[in-house]
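I opened a new page for this one.

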Amino acid sequence: YDPINDLVPVTMVSSNPLVVVASANAPFATMAELTAAARARPGDIGYATPGNGTFNHVIAEWMSSAAGIKLQHIPYRGGAAAANGIAAGDVPLGVLSPPAIQGLLDIGRVKVLAVGNPARVVRELAA
């Protein structure tokens, strides 16, 4: 059998919306400001992910390419570690899942610049 043509999807297995967050004291509060800062300093702005080759890493690289900017990848060992690195100011931004940043968002240690699925994520972050 041909798995590409013979198998029919029945249901979605998972959905992984991602959030672009920055530390509370980062000099940018929007994606437009981040893009301008990255164009002014190519490769100088780092972003955190849960690790090399993760979905977060791939999406961040795609986002950078689409915006025509160069960011420096800083891999961490998991989402919680990356979120803590952002909150501490060790790295100015990151691409993480909502559960990894929710607590830090609640206490004002990080700010959201963009969401991957606005209807669902905004509702989850507001809860």
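Elements first: I counted six helices and five strands in the protein chain, where helices (H or I, at least four residues) and strands (E, at least two) are DSSP runs numbered from the N terminus. From the N terminus on, they run α-β-α-β-α-β-α-β-α-β-α.

A note to myself on the source: this is a predicted model, so local features need pLDDT of at least 70 and side-chain atom pairs count only at pLDDT 80 or more, while totals for chains, interfaces and linings use all residues. Residues are numbered from 1 along each chain as its sequence is written, and side-chain values use heavy atoms, with hydrogens and water left out.

Next I checked the overall extent. The C-alpha atoms fill a box of roughly 55 × 35 × 25 Å along the principal axes. Of the 127 residues, 35% count as buried, meaning under 20% relative accessible area with a 1.4 Å probe, protein chains only. I also looked at contacts (heavy atoms within 4.5 Å): among those between residues at least 6 apart in sequence, 70% join residues at least 24 apart.

Then the sheet. In what order do the five strands sit? I read E3-E2-E4-E1-E5, an open sheet with mixed pairing; two strands pair if DSSP finds at least two bridges between them. E3 (72-75) and E5 (110-115) are the edge strands, each pairing on one side only. Neighbouring strands are turned by 30 degrees against each other on average, direction ignored; the axes are lines fitted to C-alpha atoms, for helices over the stretch in contact, and angles run from 0 to 180 degrees between N-to-C directions.

I zoomed in on one pair: E2 (residues 46-49) and E4 (residues 93-96) run parallel over two bridges, and Tyr-47 stands opposite Leu-93 in E4. Helix H4 (residues 79-88) packs on this sheet and touches E1 (19-23), E2, E4 and E5. The direction of H4 makes about 155 degrees with that of E4.

Last, the largest pocket. Which residues lie nearest its centre? I noted Leu-18, Ile-59, Trp-62, Val-115 and Gly-116, out of 15 lining residues. E1, helix H3 (55-67) and E5 each give two or more residues to the lining, and H3 gives the most, with four. The lining divides into 11 nonpolar, four polar and no charged residues; Gly counts as polar here.

Conventions
1 Å grid on protein atoms, 1.4 Å probe; cavity = no way out; pocket = protein on both sides within 12 Å on 5 of 7 lines; lining within 4 Å. Buried < 20%, exposed > 50% of the residue type's maximum accessible area, 1.4 Å probe, protein only.
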